[in-house]
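Hi,

Here is the structure we talked about. Please have a look at it, then read my notes below.

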Amino acid sequence: MTKQTIDQWKELFAAADKDKSGTLDVLELRDMLRRGNSKMTDSQIADAFVYFDGPKGDRRITLEEFVKGMNNLNDFIAKLSALFKQYDNDNSGYLDKNELRKVLEASGHKFTDAEVNEILRNADSSGDGKISFEEFLDACT
């Protein structure tokens, strides 16, 4: 990560740390995500909190835990982006049913047409019959 990116994460953390304790609690994390127009449910926010809080599980996210988690999240998104581009054979910016099938079958499991259709229907929040990267990201997280 660049120093600029880490500095942005530090600013975000500082702005979210309303009580200036040097840590974030679950409510501060929730408020930060909602200010960023996150559509995460309370359950998803709780899962995100555990992700950042790490193995210590002390119910507080330190700046170090936050930066580490953001870095890991950034790496994960980069890998998903590369995977998406690898299977977007026509470079349309979308995965159609056949491209989605290839992504799924790369896991080593064969999928029936009904299973692929179900996965497509669940991932395709816009209802246009194809999956954008945003929809792909949402489906994978």
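A word on terms before the numbers. A pocket here is an open set of grid points where a 1.4 Å probe fits, with protein on both sides within 12 Å along at least five of seven lines. Its volume is the space filled by probe spheres set on those points. Please keep in mind that this is a predicted model.

**Second largest pocket**

By that definition, the second largest pocket holds about 170 Å³ of space. By class, the lining splits into three nonpolar, four polar and four charged residues.

**Where α3 meets α4**

These two helices also touch each other. Their axes come within 8 Å and cross at roughly 110°. Angles of 65 to 115 degrees count as roughly perpendicular, so α3 is roughly perpendicular to α4. On the α3 side, the contact uses Tyr 51, Phe 52 and Asp 53. On the α4 side, it uses Glu 65, Phe 66, Gly 69, Met 70, Asn 72 and Leu 73. Five residues of this contact are nonpolar, two are polar and two are charged.

**Largest pocket**

How much space lies in the largest pocket? The value is about 980 Å³. It has 23 lining residues, and those closest to its centre are Leu 33, Ser 38, Met 40, Leu 73 and Thr 141. Four helices each supply at least two lining residues: α2 (26–35), α3 (42–53), α4 (63–87) and α7 (133–140). The class count for this lining is 14 nonpolar, five polar and four charged.

**Annotated domains**

The UniProt record, an unreviewed entry, places "domain: EF-hand" on residues 4–39, 75–110 and 111–141. In the model, residues 75–110 are 61% helix and 6% strand, with the end C-alpha atoms 28 Å apart. Residues 111–141 are also 61% helix and 6% strand. There the end C-alpha atoms lie 20 Å apart.

Best wishes

Key:
Residues are numbered from 1 along each chain as its sequence is written. This is a predicted model: local features need pLDDT of at least 70, side-chain atom pairs count only at pLDDT 80 or more; totals for chains, interfaces and linings use all residues. Side-chain values use heavy atoms; hydrogens and water are left out. On a 1 Å grid over the protein atoms alone, a cavity is a set of points where a 1.4 Å probe fits but cannot get out, and a pocket is an open set with protein on both sides within 12 Å along at least five of seven lines; lining residues have an atom within 4 Å of a point. Ala, Val, Leu, Ile, Met, Phe, Trp, Tyr, Cys and Pro count as nonpolar, Asp, Glu, Lys and Arg as charged, and the others, Gly among them, as polar. Axes are lines fitted to C-alpha atoms, for helices over the stretch in contact, and angles run from 0 to 180 degrees between N-to-C directions. Angles under 35 degrees count as roughly parallel, over 145 as roughly antiparallel, 65 to 115 as roughly perpendicular and the rest as oblique. Contact means heavy atoms within 4.5 Å. UniProt positions are given in the numbering used here, feature names are shortened, and annotations may be inferred rather than shown by experiment.
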